[in-house]
Amino acid sequence: MKLVGRIPVDPLDDERLTNIERRIVAGAADAAARGRPARESRMHVVLGFAIAAVAVLIAGVIGWRLRGPGEARVAAAEAPLHIRSDRERATVDLGDATIASDPASAFTVTRPDGGVLVALARGRVELEVQKRGDRAPLVVRAGDTDVIVVGTHFSVDYGDGRGDVDVRVTEGVVRVVHKQKETRLAAGQAWTTRRGLVAIAELERLAAVQAPGAGGEVEIDMGATVVEPARKPTPPPPNKPAGTGTGSGATAPESVARPGGNRTPPAPERPAAPAPADPNTDLKTQIRRQLVAPALDVGETAPAKAIGRYLDIVNDKKKLGEEASQAFYSIAVTQHLRLGDTQAALRTLDGYLRRFVGLEGSKQYQEALWLRVRVRCLAAVDDSCRQAAMAYVQKHPDGPRGVVADRITNSR
Amino acid sequence: MAAAYVEDILLVDRCLTGEPAATRELFRRHRGRVHACLFRVLGHNRDMDDLLQDAFLQVFQSLRGWRAEASLATWIDRVAVRVAYRYLSQRGRRVPTEALVDDEAAPARDEGPGASRQMARDGVARLYAVLDELSPAARLAFTLHEIDGRTIAETAELVGSSVTATKLRVWRARKRIEAAAAEDPILSQFLDPTALDREVAP
């Protein structure tokens with residue numbers, strides 16, 4: 001009974017294929033995100049929407065009533081906003097940009113001439129900015145330094161508002177204007193008042209070298225975040241100096257307004273630097289101390305060329321070979337340490353951990369697990385960082401890395 | 001091979017970020033094979049739009065679960081076979097696939113290429129009519145092995161059964177078809193009873 005190749009397949013016409021493709025593309029993102037079948041009957045979808053709407057409404061009411069001194073997320077209005085987060089992180093959603101500030105940070109947001117001006121008085125802010133197209137740019141002003149952005153992800157650290165400025169770009173490109181001199185920063189690059197343009201990886205390496213000894217337990221004291229209406233409605237335009245004295249553009253707050261509108265007595269002014277810029281500095285220092293295994297030496301100094309060589313090895317060798325594993329890992333190391341490209345490094349690592357799951361007990365796999373902890377947790381000690389640490393500590397609970405990973409999982 | 005493997009990994013990563021272009025690329029890369037596989041199992045394109053859509057949506061829904069142990073193509077085929085199994089189970093075993101040609105009423109056939117094509121079409125219709133009487137598991141095993149050309153081991157992996165169980169299903173299906181062919185000259189002519197596959201000999 002020979003039937004192979006004897007039953008011709010009737011092809012589907014282009015129109016049918018196009019329709020199928022359109023439906024799949026529309027449903028795929030949703031299905032992948034929700035982890036459940038996206039193809040349901042219309043009634044189920046309608047019912048689902050109705051239930052979701054009611055749930056969101058109830059959650060919103062409950063959340064509003066129960067809101068405490070936790071992380072604040074407010075939408076900035078057209079009027080200037082003064083944000084001061086004393087003991088906690090604050091997040092401000094501007095619609096076209098999100099600003100997350102570390103504890104002990106203060107900044108003012110205004111919208112002069114269609115642009116956005118973030119005048120940083122002290123502390124550190126991290127921004128995710130959507131492409132602004134033809135609109136005026138978003139400017140972060142820290143003293144006499146302007147960081148101009150058209151759409152990217154970066155952070156600006158102004159410490160206590162009197163010293164150096166530290167700008168780090170993780171996605172896109174920004175321009176830094178300092179003392180009328182402009183510097184262009186790409187992803188993976190940093191700029192500091194003292195050092196000028198430098199790779200993020202280099203800054204991290206220096207920080208690791210200069211870091212003091214290990215500290216105690218990680219403790220984050222959550223304080224109040226205040227959102228203050230501006231007293232002066234006219235903000236400074238982005239092309240003019242924002243203030244005098246320390247160079248800050250933020251107005252010192254005199255009264256406090258909570259999101260609900262109740263006014264409270266003025267908060268006492270704190271000393272210049274009551275808390276470190278990042279409450280997880282100590283934890284990050286410990287992470288940096290656990291050195292990662294170096295990338296394979298392929299005789300290339302340029303990162304891009306080295307990655308090309310690693311890919312050659314990955315493609316040449318047998319699927320699960322040890323050398324292929326080392327080359328694959330080396331791509332992630334290069335992306336993280338030499339290019340400072342966190343997202344690419346994480347994508348590569350996810351691919352590595354899936355592909356070489358058969359080598360789970362190997363040293364290389366352990367290195368990859370740790371590298372993922374390092375990449376995620378140096379970016380932010382958040383849930384994804386803790387998950388990476390948990391995955392590591394489940395496999396390798398012993399040793400100094402296991403101890404650090406365990407601390408990460410217990411961090412708040 | 002390894003290059004394709006890495007490409008698959010990178011493509012899946014892009015899909016997981018929700019990139020529509022990656023979704024489209026994955027679909028276009030695999031749709032031909034999945035369609036052919038489903039067509040050979042079912043014998044027609046009637047509900048193919050829904051089946052392809054179901055299969056690929058399940059692929060994208062479960063993409064995070066692909067651990068890169070099997071090739072992406074094999075993994076997608078497994079999803080497609082599950083969709084086909086569910087379709088066959090829900091549809092019922094006795095619903096005929098195609099209207100059979102009535103032997104008595106059929107017009108006298110001319111000799112020549114047109115006639116042989118018609119004979120082949122009739123033979124295919126009769127074959128799938130017999131397959132409609134099989135259980136979904138037996139039909140899948142038989143079509144994947146005998147028509148789609150997969151080895152017994154591959155077929156067993158796709159249907160999630162042991163090699164022995166799969167062999168047995170293929171053998172039983174073949175016996176059933178041979179029995180039908182003994183009473184049906186058109187089907188008998190379509191099948192080639194001399195080329196027995198040693199791999200599934202009982």
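Visitor: What share of the contacts in chain B between residues at least 6 apart join residues at least 24 apart in sequence?
Guide: 68% of them. Bear in mind that this is a predicted model.

Visitor: And in chain A, how much of the contacts with a separation of 6 or more comes from residues 24 or more positions apart?
Guide: There, such pairs account for 50%.

Visitor: What is chain B built from?
Guide: Chain B has 9 helices and 0 strands. Read from the N terminus, the order is α-α-α-α-α-α-α-α-α.

Visitor: How many of its residues are there, and what part counts as buried?
Guide: Chain B has 202 residues, and 39% of them count as buried.

Visitor: Let's pick a helix. How far does α4 of chain B reach?
Guide: Helix α4(B) covers residues 72–91, which is 20 residues. From first C-alpha to last it spans 29 Å, close to the 28 Å expected at 1.5 Å a residue.

Visitor: Which of its residues are buried?
Guide: B:L72, B:W75, B:I76, B:D77, B:V79, B:A80, B:V81, B:V83, B:A84 and B:L88.

Visitor: Now α7 of chain B. Which residues are buried there?
Guide: In α7(B), residues 152–159, the buried ones are B:T155, B:A156, B:L158 and B:V159. Looking down the axis of α7(B), the buried residues fall within an arc of 165°, so they line one face of the helix.

Visitor: What comes just after α7(B)?
Guide: B:G160 follows, with a positive phi of about 75°.

Visitor: Over to chain A. What's the make-up?
Guide: Chain A has 10 helices and 18 strands. Its length is 412 residues, and buried ones make up 37%.

Visitor: Take strand β5 of chain A. How many of its residues are buried?
Guide: 6 of 6, over residues 105–110.

Visitor: Which residues sit on which side?
Guide: A:S105, A:F107 and A:V109 are on one side of β5(A), and A:A106, A:T108 and A:T110 are on the other. Both faces are covered.

Visitor: Which strands does β5(A) pair with?
Guide: One is β2(A), residues 81–85, antiparallel over 5 bridges. In that pairing, A:I83 stands opposite A:F107. Another is β6(A), residues 116–122, also antiparallel and joined by 5 bridges. Here A:A106 stands opposite A:R122.

Visitor: How many residues are between the strands in the β5(A)–β6(A) hairpin?
Guide: The hairpin has 5 residues between its strands. A:D113 in this hairpin takes a positive phi near 55°.

Visitor: What about confidence in chain A?
Guide: The average pLDDT is 71, and 68% of the residues score at least 70.

Visitor: Which elements of chain A have the lowest and highest mean pLDDT?
Guide: Strand β17(A), residues 256–257, is lowest at 32. Helix α8(A), residues 363–379, is highest at 91.

Visitor: Where does chain A stay under 50?
Guide: Residues 36–43 are one such stretch, with 15 contacts beyond four places in sequence in the model. Residues 68–77 of chain A are also below 50. This stretch has 23 contacts beyond near neighbours in sequence.

Note on methods. Residues numbered from 1 in each chain as written. Chains lettered and ligands numbered in written order. Predicted model: local features only at pLDDT ≥ 70, side-chain atom pairs only at ≥ 80, totals over all residues. Helix = DSSP H or I, 4+ residues; strand = E, 2+ residues; numbered from the N terminus. Expected span 1.5 Å × (residues − 1). Buried ≥ 20, exposed ≤ 12 C-beta atoms within 10 Å, placed from the backbone. Arc of directions from axis to C-beta. Pairing = 2+ DSSP bridges. pLDDT = per-residue confidence, 0-100. Contact = placed C-beta atoms within 7 Å.
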